[in-house]
Amino acid sequence: MRCLASTVPFPGAGDNLKAIFSKTVALSKDVMCSPESYPPTRRFLICFLLLADKLSGPVSMAEVDQLVRGLGADFADCYTDAREPFPTSLVLKIAAMSIMLAENALAPGVDHVQPKLIPAFVVELMLTLLNVTIHQLREQFSAPETQLNASNLQQGGEDERIVKCLQTISTQSLLLPIKVLSDWLKVRHHLIAQDLTPDFWGKFGDLLNLFPHTQHLLKLVQEGFVHQKVALPEDVSVRGLAPLSTLHSQLVFPPLSTDLGLLEEFALRILCLRSVGQFAAALRPRPGLQHDPSSDMYTSFQAKAQSDDRMRSITERTMKAMAHQRLQMDIKALEYSVSANQYDSLSPFLVPVTSTVCLHLRTVKLLVATQRSVIIIPKQVIQDLDTLKKNRENHFAREAIKYFESMFKNGNWWLRSQGDQELLPVKEQAQSAEMACFLSVLSCCLYLAKKSQGIVTLLVPDDAVSAAKANKNCNQPNNYTGNLPSGDMMELAKRYGIRVEGALEFYSKWTMSNRHGKIGRGK
């Protein structure tokens with residue numbers, strides 16, 4: 001990075017670059033022949049350095065374009081692969097190095113490369129970061145313990161809700177490299193305007209709209225910091241980067257700068273990103289965004305029909321890769337805890353109905369503690385619990401919600417909520433509100449079954465199983481625990497290939513099997 005950043009040649013710079021690029025070229029041949037044999041992070045880094053190598057000399061547009069197309073997908077895989085997570089510090093270095101490569105290509109007198117290819121890659125890198133961050137924030141904001149997105153705050157959210165919203169946003173460390181790349185786009189917009197398509201600005205606006213409004217953020221930032229005057233951690237990381245020198249000259253860096261708290265730091269970071277949005281809205285003759293001051297929301301101009309198809313495909317590719325990786329991580333984590341022949345006795349994916357979490361919450365907690373099965377809480381169950389808790393005497397629903405809020409907030413591999421896309425349509429038509437709720441839970445089960453070889457168990461109260469065996473109707477309204485699923489509902493699930501078991505009976509099976517050494521966490 002030092003070699004690339006230097007505007008003045010120094011002894012050893014060329015040799016250093018040649019040494020690392022020569023290693024990269026040798027490794028890249030194996031990567032191209034058998035890409036699946038390399039972990040995504042290693043594969044991305046090798047191809048990224050190969051791109052840097054090719055951009056340092058004569059290069060064909062087709063060759064670089066092929067590399068750029070593959071790097072976007074590889075980058076998404078890197079960040080969603082739990083086996084080898086992508087550290088934020090490394091993403092910052094990649095962002096900084098990408099800017100250096102773009103600056104070298106845009107420098108006056110450079111004619112041995114196609115300058116527009118490199119800025120296009122930087123924009124593509126940033127678009128991928130935007131997609132990942134937006135996807136993760138929307139998942140967090142839709143979780144039962146939050147519901148703290150910008151639209152809620154528009155309706156007069158209290159300071160406590162703003163703080164909780166910032167606490168959620170503060171988990172998104174990719175905002176650091178996004179801020180660095182945004183600063184660079186602001187400086188070089190006149191040279192890369194053709195790459196900043198309506199699709200790109202639309203995605204940038206989507207991110208800004210997930211943040212608290214400016215008026216709420218100003219309450220958390222010290223007076224005088226409304227316009228950035230203190231260097232943020234990412235500014236310190238890329239200090240000395242030539243195109244950002246003017247911006248950095250206006251900032252106070254450590255040890256002279258004032259220490260910022262985490263929430264104040266993220267509030268200032270969001271204000272910086274919002275300033276880029278306002279800058280895009282003020283561009284002439286082609287504004288990138290439209291800004292509504294009354295709502296502090298951003299919208300993009302309608303993309304033209306001939307807009308860059310590649311930019312559109314990045315969003316779909318990233319979302320698909322993340323959804324696929326999320327489920328694959330669950331499955332692979334369980335492969336060593338349950339062998340193939342044991343799938344017939346116990347399922348690694350468990351989906352409880354509302355009455356199960358109300359009546360058998362202790363059992364659900366015990367199953368989570370076994371770290372043997374991933375428990376998925378359907379969105380319908382969360383909605384049911386929110387309805388049931390309105391009865392102040394309903395300690396069942398309140399205790400369940402309190403437990404889930406704590407677990408979701410802290411994060412637990414073995415317990416999570418249903419994802420937005422984790423559902424498949426059910427052919428049957430609901431004849432009642434109770435059936436509609438059950439079909440919603442069943443659609444979650446069907447999705448998991450399709451993606452994980454059918455190893456899904458629907459956990460119901462044991463009383464429901466007993467009543468079904470005795471041909472008794474147990475589906476009576478219950479404002480405390482939710483309705484027990486009827487025998488017809490459970491039979492419907494079985495016809496779709498979903499296993500149905502009583503929660504207590506299921507846990508008893510696991511306890512007995514584990515006691516006899518048949519099932520346990522693999523090594």
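1. Gln-380, Val-381 and Asp-384 of helix 18 are in contact with Cys-437, Ser-440 and Val-441 of helix 20, contact being heavy atoms within 4.5 Å. By class, this contact has three nonpolar, two polar and one charged residues. Here Ala, Val, Leu, Ile, Met, Phe, Trp, Tyr, Cys and Pro count as nonpolar, Asp, Glu, Lys and Arg as charged, and the others, Gly among them, as polar. Helices (H or I, at least four residues) and strands (E, at least two) are DSSP runs, numbered from the N terminus.

2. Now the geometry of that pair. Helix 18 (residues 379–388) packs against helix 20 (residues 433–451) at an angle of about 140 degrees, and their axes are 8 Å apart. Axes are lines fitted to C-alpha atoms, for helices over the stretch in contact, and angles run from 0 to 180 degrees between N-to-C directions. Helix 18 is therefore oblique to helix 20; angles under 35 degrees count as roughly parallel, over 145 as roughly antiparallel, 65 to 115 as roughly perpendicular and the rest as oblique.

3. Ala-436 also belongs to helix 20. Because its relative accessibility is 35%, Ala-436 counts as partly exposed; buried means under 20% relative accessible area, exposed over 50%, and partly exposed in between (1.4 Å probe, protein chains only). Its C-alpha atom is separated by 9.7 Å from that of Gln-380, 56 residues apart along the chain.

4. Five strands form an open sheet in the order 5-4-3-6-7, with parallel pairing. Strand 5 (415–417) and strand 7 (499–502) are the edges, each pairing on one side only. From one strand to the next, the twist averages 30 degrees. Two strands pair if DSSP finds at least two bridges between them.

5. Strand 3 (residues 349–352) pairs with strand 6 (residues 456–460) over four bridges, with Val-456 as the bridge partner of Phe-349. Strand 3 also pairs with strand 4 in the parallel sense, over two bridges, and Leu-350 stands opposite Ile-375 there. Phe-349 and Val-351 point one way from strand 3, Leu-350 and Pro-352 the other way, and all are buried.

6. Helix 19 (residues 395–410) lies across strand 4 and strand 5, at about 100 degrees to strand 5.

7. Finally, the cores. The largest nonpolar core has 69 residues, and Ile-169, Phe-200, Phe-204 and Phe-211 have the most contacts inside it. Such a core is a set of buried Ala, Val, Leu, Ile, Met, Phe, Trp, Tyr and Cys residues joined through side-chain atoms within 4.5 Å. Helix 6 gives the largest share of this core, 13 residues. Phe-200 touches Val-123, Met-126, Leu-127, Leu-130 and Leu-185, not counting residues up to four places away in sequence. A second, separate core of 53 residues includes Phe-349, Leu-367, Phe-408 and Ile-455.

8. A word on conventions: residues are numbered from 1 along each chain as its sequence is written, and side-chain values use heavy atoms, leaving out hydrogens and water. In this predicted model, local features need pLDDT of at least 70 and side-chain atom pairs count only at pLDDT 80 or more, while totals for chains, interfaces and linings use all residues.
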